[in-house]
Amino acid sequence: PVEGNKLIQKAEAIAKEFELRPEQVRKAVVEFRRLMDLGLQKDKQAMTMIPTYVTSVPKGTEKGVYLAVDLGGTNFRVCSVTLEGNSSFTIQQSKAAIPKELMTGDSTALFSFMAAQVGEFVQTHHSEHFLENKEHQLQLGFTFSFPVDQKAINKGYLLRWTKGFDIKDAVGKDVCELLQTQLDILGLPVRVAALVNDTVGTLMARSYTSPGTHGALMGAIFGTGTNGAYVEKLSKITKMTEPGSDFGKYDTSTGEMVVNTEWGSFDNAMKVLPDTPYDRELDKNSVNPGIQMFEKRVSGMFLGEILRHALLAMKRDVSLFSTAHIREDAELNTPWSIDTSVLSHIEGDESPYLSKTKLTVSEQLGVQNISTEEARAIKLIVHAIGKRSARLAAVPIAAVVLSTGKLSPKSATSAPSSLAASAAENIKQGAKAIKAVVTGEPPKADFPPGGSATTEEPIDIGVDGSVVEFYPGFDGYLREALREVEEVGTFGEKRIRIGIAKDGSGVGAALIALVASKVL
Ligand code: ADP
């Protein structure tokens, strides 16, 4: 057996490679703000900063049924929101895993799968729309969590795939039209009314539920991928307003628009992001080398694969697992097969002999009979990968909070964002009703600590995704990094309130479909 010390020393050395020092966080925030500005000014920048055409919200008095579908990274969800007309509503939903072969097939295969799911859902839950009124159309909000060049509230051309999808013939096409075509082939009374990024849905949903504020500033996803959207002043989105820009028509009355940052591709140029041999190995073997470099260090699709490369290096260099039994089809030897929940389980293992880690490694990595020393070494590396992800997650949050001036004393007392404010006022009750119906339990508490500890208005951020929700200590490491950014500091960090907007994308999409169907 390999001497324990050697294993631990090597694991510590690898963990050190994943360290993100405070000055690296600060430098990354500066670079993030620079790329935000570039993306707001010009088209086709590294960080796309996509205008979403979402500038207003429903009043809460509407009645009707709105559909939402969500093509995330892993699942396809269909839901309907029934508005009762008194700011309350109910939600029904279904969920199907996206078959792996559809992620790299052709666009017809994927979009006809989606249309079939919608058809099944409508037949089951809304057969009245078939039976009673053949003319009646259901308005659908399409949450599509990939970078698109959006030209109207329901028109968006796919720029590129992420998160393991690679359907070449869909690139450059209007994804709303691709879905509408398949819905029409099935003869469904459904109209794709709005194209919604999941981050925007999360932002809207958080705005509704956010207690005691004038609405959320930002929605952020840390799930299969990572991305965020925030409320920006129209006057700062100069690429939309300058003469000759080919952006479509939009409502300017609120003076604001939600911008989808596409921050997964932050620093593809690798000026400030940390880089280890394991990151490089992952990138080299990914479907999109050199792209989505921030996402590849932060989100659920990648953390397991980073761990796998680090463990293979341990195996090669210090004979990790030399006395263990490695299953023939072990995940350890299979690219992209280690789920990020594995890291969560190991990170959360507080048992003295790391029995949970041993079990997880046996069941999820295919390596049996590891020693306690080996489990310790693995846990050190897991911790370093997870902590780096959480600290990196603080970068966009700090950058958006700073660049929107929300921490300046003036904005604490200034008029609230009209967009977010009316959402918060009008739909708060409805959102509570939704939570109750969907989960049967009261809304989740916000992450401790932070938020209400100051008398200033909290800056509210809605988050969603399994990584931020389930990785033990994620919020703590994120907040620690926020405090390290001088302009945020302890005081600013306390004002930032981060809350889970679980499945907010569905609710948000339905509400944006409502807004869109009134506007058009
Ligand atoms: P999506 O982003 O596809 O809508 P999720 O938010 O559930 O869905 O994210 C799925 C991603 O989260 C996967 O990459 C998976 O590896 C990761 N994941 C699942 N469970 C956990 C967990 N308990 N802890 C951390 N990551 C998880």
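Helices and strands here are DSSP runs, numbered from the N terminus; a helix has at least four residues and a strand at least two. The model is predicted. Thr162, for example, lies in the loop between S7 and helix H5 (175-185). Of the 520 residues, 52% count as buried. Among contacts between residues at least 6 apart in sequence, 77% join residues at least 24 apart.

- Is Thr162 buried or exposed? Thr162 has 26 C-beta neighbours inside 10 Å, and 20 or more make a residue buried, so Thr162 counts as buried.
- Leaving out residues up to four places away in sequence, Thr162 touches Phe146, Pro147, Gly225, Gly264, Gln292 and Glu295.
- Thr162 and Ser265 are 103 residues apart in sequence. In space, their C-alpha atoms are 10.0 Å apart.

- Strand S6 (residues 148-152) pairs with strand S7 (residues 155-158). The pairing is antiparallel and runs over 4 bridges.
- A hairpin of 2 residues joins S6 to S7.
- Val148 stands opposite Leu158 in S7.

**The six-stranded sheet**

- An open sheet is formed by 6 strands, in the order S1-S11-S10-S9-S14-S15. Its pairing is mixed.
- Strand S1 (50-51) and strand S15 (496-500) are the edge strands, and each pairs on one side only.
- Strand S9 (residues 218-222) and strand S14 (residues 459-464) run parallel, joined by 4 bridges. Met218 stands opposite Ile461 in S14.
- Helix H6 (residues 198-209) packs on the sheet. H6 touches S9, strand S10 (226-233), strand S11 (256-260), S14 and S15. The direction of H6 makes about 125 degrees with that of S9.
- Helix H13 (residues 372-403) also packs on the sheet, touching S9, S10, S14 and S15. The direction of H13 makes about 170 degrees with that of S9.

**Strand S14, inside the sheet**

- S14 and S15 run parallel, joined by 5 bridges. Ile459 stands opposite Ile496 in S15.
- Why is S14 described as largely enclosed by the rest of the structure? The reason is burial: 6 of the 6 residues of S14 are buried, so the strand is largely enclosed.
- In a regular strand the side chains alternate between the two faces of the sheet.
- Both faces of S14 are covered. Ile459, Ile461 and Val463 are buried on one side. Asp460, Gly462 and Asp464 are buried on the other.

**The nonpolar core**

- In soluble globular proteins, nonpolar side chains tend to be buried together.
- The largest nonpolar core has 150 residues. Which of them touch the most other members? They are Ile381 and Ala513.
- H13 gives the most to this core, with 17 residues.
- Ile381 is in contact with Ala11, Ile14, Ala15, Leu307 and Ala310, leaving aside neighbours within four places in sequence.

**Where H10 meets H13**

- Two packed helices are described by the angle between their axes and the distance between the axes.
- Helix H10 (residues 300-318) packs with H13 at an angle of about 145 degrees. The axes are 10 Å apart. The crossing is right-handed.
- H10 brings Leu303, Ile306, Leu307, Ala310, Leu311 and Met314 to the contact. H13 brings Ala377, Ile378, Ile381, Val382, Ile385, Gly386 and Ser389.
- What kinds of residue make up the contact of H10 with H13? They divide into 11 nonpolar, 2 polar and no charged.

**Helix H17**

- Helix H17 (residues 474-484) is mostly covered, with 8 of its 11 residues buried.
- The buried residues are Phe474, Asp475, Tyr477, Leu478, Arg479, Ala481, Leu482 and Glu484.
- Their cover includes helix H2 (22-41), H13, helix H16 (466-470), helix H18 (489-495) and S15.

Definitions and conventions. Residues numbered from 1 in each chain as written. Predicted model: local features only at pLDDT ≥ 70, side-chain atom pairs only at ≥ 80, totals over all residues. Pairing = 2+ DSSP bridges. Contact = placed C-beta atoms within 7 Å. Axes fitted to C-alpha atoms, helices over the stretch in contact; angles between N-to-C directions. Core = buried A, V, L, I, M, F, W, Y, C linked by C-beta atoms within 7 Å. Buried ≥ 20, exposed ≤ 12 C-beta atoms within 10 Å, placed from the backbone. Left-handed = near helix turned anticlockwise from the far one by under 90°. Nonpolar A, V, L, I, M, F, W, Y, C, P; charged D, E, K, R; others polar.
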